[in-house]
Amino acid sequence: MFTGLTTEGLYRVSGNKTDQDNLQKQFDQDHSIDFEEMDVAVNAVAGALKAFFADLPDPLIPYALHPELVEAASKKDE
């Protein structure tokens with residue numbers, strides 16, 4: 001069930017493109033997908049998720065927040 005949590009290079013290693021496309025089509029039709037029942041590789045699921053975020057019309061985190069995020073990341077733990 002939680003195979004992806006221990007998979008090295010989860011987003012770096014591409015999954016099967018056909019599986020990714022099928023996942024996206026099914027998700028567009030019905031948001032309650034049972035990934036275990038579909039029996040696809042975890043890399044295909046990760047690739048479909050990555051493609052979903054890449055295809056968004058606006059980024060998930062707005063560009064206007066970039067300077068604040070960079071500043072927050074550069075602060076040392078106190």
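Tyr 11 sits in the segment before α1. Its relative accessibility is 44%, so Tyr 11 counts as partly exposed (buried means under 20% relative accessible area, exposed over 50%, partly exposed in between, with a 1.4 Å probe and protein chains only). This is a predicted model, in which local features need pLDDT of at least 70 and side-chain atom pairs count only at pLDDT 80 or more, while totals for chains, interfaces and linings use all residues. Residues are numbered from 1 along each chain as its sequence is written, and side-chain values use heavy atoms, leaving out hydrogens and water.

Let's step back to the whole chain. The protein has four helices and zero strands (DSSP runs numbered from the N terminus: H or I of at least four residues for helices, E of at least two for strands). Its radius of gyration is 16 Å, well over the 12 Å that the globule rule gives for 78 residues, so the protein is more spread out than a compact globule (the radius is taken over C-alpha atoms, and the rule is 2.2 Å times the number of residues to the power 0.38). Buried residues make up 15% of the 78 residues.

Now for α1 and α3. Helix α3 covers residues 42-54, and its buried residues are Asn 43, Ala 44, Ala 46, Gly 47 and Ala 48. These buried residues pack against α1, where contact means heavy atoms within 4.5 Å.

Gln 24 and Phe 52 are 28 residues apart in sequence, yet their C-alpha atoms are 7.9 Å apart in space.

Phe 52 also belongs to a nonpolar surface patch of about 830 Å², along with Tyr 11, Phe 27, Leu 49, Phe 53, Leu 60, Ile 61, Leu 65 and Leu 69. Patch residues have over 30% relative accessible area and no salt bridge, with like charges joined within 9 Å and nonpolar side chains (Val, Leu, Ile, Met, Phe, Trp, Tyr) within 5 Å; a salt bridge is a side-chain nitrogen of Lys or Arg within 4 Å of a carboxyl oxygen of Asp or Glu. Helix α3 gives the most to this patch, with three residues.

Notes. Accessible areas come from the Shrake-Rupley method with a 1.4 Å probe; for residues, only the protein chains shown count as cover.
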